Amino acid sequence: GGNSDGGGAVGPYNATGAFCNCDFVNHHATFKGGAIFFYNQGSLTVQGSNFVGNYTTQNDSGGGGAIQVNSSSSTLNLVDNAFSGNTTNGQGGAIYHNGVGGSVEARQCSFSNNTAKNEGGAIFARRVTTYGSSFNHNVSSKRGGAIASFDFNLMNLFESTFVANTSATGGGALDNLGYQPGAVGNVQSCLFSANVGVDASSGDI
């Protein structure tokens with residue numbers, strides 16, 4: 001349940017802290033973060049939790065079907081979480097982080113069947129780092145079926161898998177919204193398979 005302009009379950013939340021072993025299911029926010037809306041300059045850690053069927057309905061003020069972070073320098077630490085079936089009419093089907101100096105770090109997380117009407121089927125952020133995470137069957141109606149970033153130089157992906165993600169334009173798995181020529185980031189030991197960029201020359205990136 002839950003229905004709020006920001007953070008259908010928790011928010012606005014402005015204290016550095018952590019959520020562990022929680023289930024966030026079918027929460028709704030109009031604008032920011034279907035389950036959690038965080039706007040502190042510190043860090044937020046979410047560990048061992050499930051986010052299922054959370055959503056936001058408006059297409060302005062960001063999105064984040066599960067979590068929105070609205071801070072210029074905060075870090076969102078995600079450890080051993082599952083994000084499934086979260087949706088937004090904005091950006092970031094599961095996660096939205098609008099901070100220029102902030103970051104999203106996902107370790108051993110799974111993102112599946114999340115959907116964004118705009119960019120980033122699973123994650124929309126400037127800085128993204130993943131370790132051992134999986135992105136399967138996420139969809140963007142614009143760009144970046146799994147992840148949309150403003151700067152590929154700030155994208156670090158390690159031992160992660162990207163399978164059957166889809167975007168209407170741009171990369172089916174990853175998309176660089178900042179248009180830096182030749183910017184590819186740091187991608188090591190990752191698997192890309194069956195990703196589709198409908199109007200792009202590359203299915204993956």
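**View 1. Arg-107 sits over the face of Tyr-131, 4.0 Å from the ring centre.** This is a predicted model, so read every panel here as a look at computed coordinates. The two residues also face each other across a strand pair: Arg-107 stands opposite Tyr-131 in S19. Strand S15 (residues 103-107) and strand S19 (residues 128-131) run parallel, with four bridges joining them.

**View 2. Zooming out, seven strands line up in an open sheet with parallel pairing.** Reading across, the order goes S3-S7-S11-S15-S19-S23-S27. At the edges are strand S3 (17-20) and strand S27 (186-188), each of them pairing on one side only. On average, neighbouring strands in this sheet are turned by 10° against each other, if you ignore direction.

**View 3. Here's Asn-77, a residue of strand S11 (residues 75-79).** Leaving aside residues up to four places away in sequence, Asn-77 touches Ser-43, Leu-44, Thr-45, Val-46 and Glu-105. With Thr-45 there's a polar contact, side chain to side chain, at 3.5 Å. Now look towards Ala-106: this residue is 29 places from Asn-77 along the chain, yet the two C-alpha atoms are separated by 6.3 Å.

**View 4. Phe-24 and Phe-51 make a stacked pair.** The model has ten aromatic pairs, and this is one of them: the ring centres are 4.7 Å apart and the planes meet at 10°, under the 30 degrees cut-off, so the pair counts as stacked. Phe-24 belongs to strand S4 (residues 23-25) and Phe-51 to strand S8 (residues 50-52), so the pair links distant parts of the chain, 27 residues apart. Both Phe-24 and Phe-51 are buried.

**View 5. Another stacked pair, Phe-135 with Phe-162.** Centre to centre, these rings are 4.8 Å apart, with 0° between the planes. This pair, too, links distant parts of the chain: Phe-135 comes from strand S20 (residues 134-136) and Phe-162 from strand S24 (residues 161-163), 27 residues apart. Buried or exposed, then, for Phe-135? Phe-135 is buried, because its relative accessible area is 0%. Phe-162 also counts as buried, at 0% relative accessibility.

Terms used
Residues are numbered from 1 along each chain as its sequence is written. This is a predicted model: local features need pLDDT of at least 70, side-chain atom pairs count only at pLDDT 80 or more; totals for chains, interfaces and linings use all residues. Side-chain values use heavy atoms; hydrogens and water are left out. Contact means heavy atoms within 4.5 Å. A polar contact is a pair of N or O atoms within 3.5 Å; within protein, one must be able to donate a hydrogen and the other to accept it, and residues adjacent in sequence count only if both atoms are side-chain atoms. Rings of Phe, Tyr and Trp (its six-membered ring) pair if their centres lie within 6.5 Å; planes under 30 degrees apart count as stacked, over 60 as edge-to-face and the rest as tilted. Buried means under 20% relative accessible area, exposed over 50%, partly exposed in between (1.4 Å probe, protein chains only). A charge sits over a ring if NZ of Lys or CZ of Arg is within 6 Å of the ring centre and within 35 degrees of the ring normal. Two strands pair if DSSP finds at least two bridges between them. Axes are lines fitted to C-alpha atoms, for helices over the stretch in contact, and angles run from 0 to 180 degrees between N-to-C directions.
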